[in-house]
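Please look through the structure below before reading my comments. I have written them as numbered points, for someone new to this kind of reading.

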Amino acid sequence: MAQAVLAVVSVLGKDQKGVVAQFATYMAQRGINIEDIEQRVVRGFFLMDMLVDLKDLTVDLSELITGLLDLGRRIEMEVRVHLHSERRTKKVAVLVSREPHCLAQLLGDFSQGNLHGQVVGVLANHPDLESTARDAGVPFAWQAADDAGAHFEWLGRTLREHAPDLIVLARYMRILPPTIVAAFRNRIINIHPSLLPHFPGANPYKQAYESGVRVHGCTAHFVTEQLDEGPVIMQDVFHINVGVGTMEDVRNKGLDLEARTLSRAVGLFLDEELVVVEGKVIFKPGISRFMKPAET
């Protein structure tokens, strides 16, 4: 029996009748067998991932992909095709300042195989975390941000050289300029230590402690030009023992939760289990549902 030639066809767009039938018919007419399928409708948008076997394909592969894209355009759907044998490991750049907790969690999760990608560099505005990166075998570079223009020029140039699929702000305590945000639209994830939109900006743990709230948390979100207002990926919470817990207790609980929440959000992105549609994050099955990660 011929070996399977697997691919994943992903479809996204405004919900309408007959989408599955149109793609299934297109596949069948070209000798393609659908091995598995996941589909859902969220906020009026249709999302579908199909695992298909191309071993009996009756047309040229380039013709197949062109035809799928054309079909998508005719019904105003975005279509992507991922070939198992050509699945590329996603590249990640991590931006940091001085706090180590998020970087340590990310590097540990990558090394243990919990995150499916490759950290191509840790970029910083202070040298403090160089040993953390180096110990993990990850390149580290930094430039002081005293001169903000020079720092961001260096950062933009370095990011272009690395060409990351994802940028992670692991407590990088600077506001990115619009040029960098625009160049990596919906590909920059930040962790903010509050349940946005509550306590945006600086010192959220202090704000929460002094306000007397009994629940606080953190938010992983995509970065936009509006500070702390980008599409929310996920949030998590911890409880504050008001009148008993100290400010340091609140902060320590928050730091641990930040690191874990940011890492989970990065994993969702790398496994293609989310998309941003009209400023909202929508979750979908993801190609990891069908494919094992490529070897690095």
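This is a predicted model: local features need pLDDT of at least 70, side-chain atom pairs count only at pLDDT 80 or more; totals for chains, interfaces and linings use all residues.

1. Residues are numbered from 1 along each chain as its sequence is written, and side-chain values use heavy atoms, with hydrogens and water left out.

2. The largest nonpolar core has 41 residues, where a nonpolar core is a set of buried Ala, Val, Leu, Ile, Met, Phe, Trp, Tyr and Cys residues joined through side-chain atoms within 4.5 Å, and buried means under 20% relative accessible area, exposed over 50% and partly exposed in between, with a 1.4 Å probe and protein chains only. Those with the most contacts inside this core are Val 94, Val 96, Val 122, Ile 233, Leu 262 and Val 266. The elements that each supply at least two of its residues include β5 (91-96), β6 (118-124) and α8 (247-270), and α8 gives the most, with ten residues. Helices (H or I, at least four residues) and strands (E, at least two) are DSSP runs, numbered from the N terminus. A second, separate core has 20 residues, among them Tyr 26, Phe 46, Met 50 and Met 77.

3. Leu 166 is found in strand β8 and counts as buried because its relative accessible area is 0%. Leaving aside neighbours within four places in sequence, the residues in contact with Leu 166 include Val 92, Ile 189, Val 266 and Phe 269, contact meaning heavy atoms within 4.5 Å. Leu 166 and Phe 184 are 18 residues apart in sequence, yet 7.9 Å apart in space, C-alpha to C-alpha.

4. Is Arg 171 buried or exposed? Arg 171 counts as buried because its relative accessibility is 11%, and its place is the loop between β8 and α6 (178-183).

5. Arg 43, in the loop between β2 (33-42) and β3, has a positive phi of about 55 degrees although it is not a glycine, and Arg 43 counts as exposed because its relative accessibility is 62%. Ala 163, in the loop between α5 (148-162) and β8, has a positive phi of about 50 degrees and is not a glycine either. The peptide bond from Leu 196 to Pro 197 is cis, with omega near 15 degrees, and Pro 197 lies in the loop between β9 and α7 (204-211).

6. Helix α8 has 24 residues and reaches 35 Å from its first C-alpha to its last, close to the 34 Å expected at 1.5 Å a residue, the expected span being 1.5 Å times one less than the number of residues. After α8 comes Glu 272, whose phi is positive, near 55 degrees.

7. How many cavities of 30 Å³ or more does a search of the whole structure find? The search finds one, a cavity being a set of points on a 1 Å grid over the protein atoms alone where a 1.4 Å probe fits but cannot get out, with lining residues having an atom within 4 Å of a point. Eleven residues line the largest cavity, and Ser 10, Val 11, Leu 12, Arg 80 and Lys 284 lie nearest its centre.

Methods
On a 1 Å grid over the protein atoms alone, a cavity is a set of points where a 1.4 Å probe fits but cannot get out, and a pocket is an open set with protein on both sides within 12 Å along at least five of seven lines; lining residues have an atom within 4 Å of a point. Grid points are joined across faces, edges and corners, and a volume is the space filled by probe spheres set on the points.
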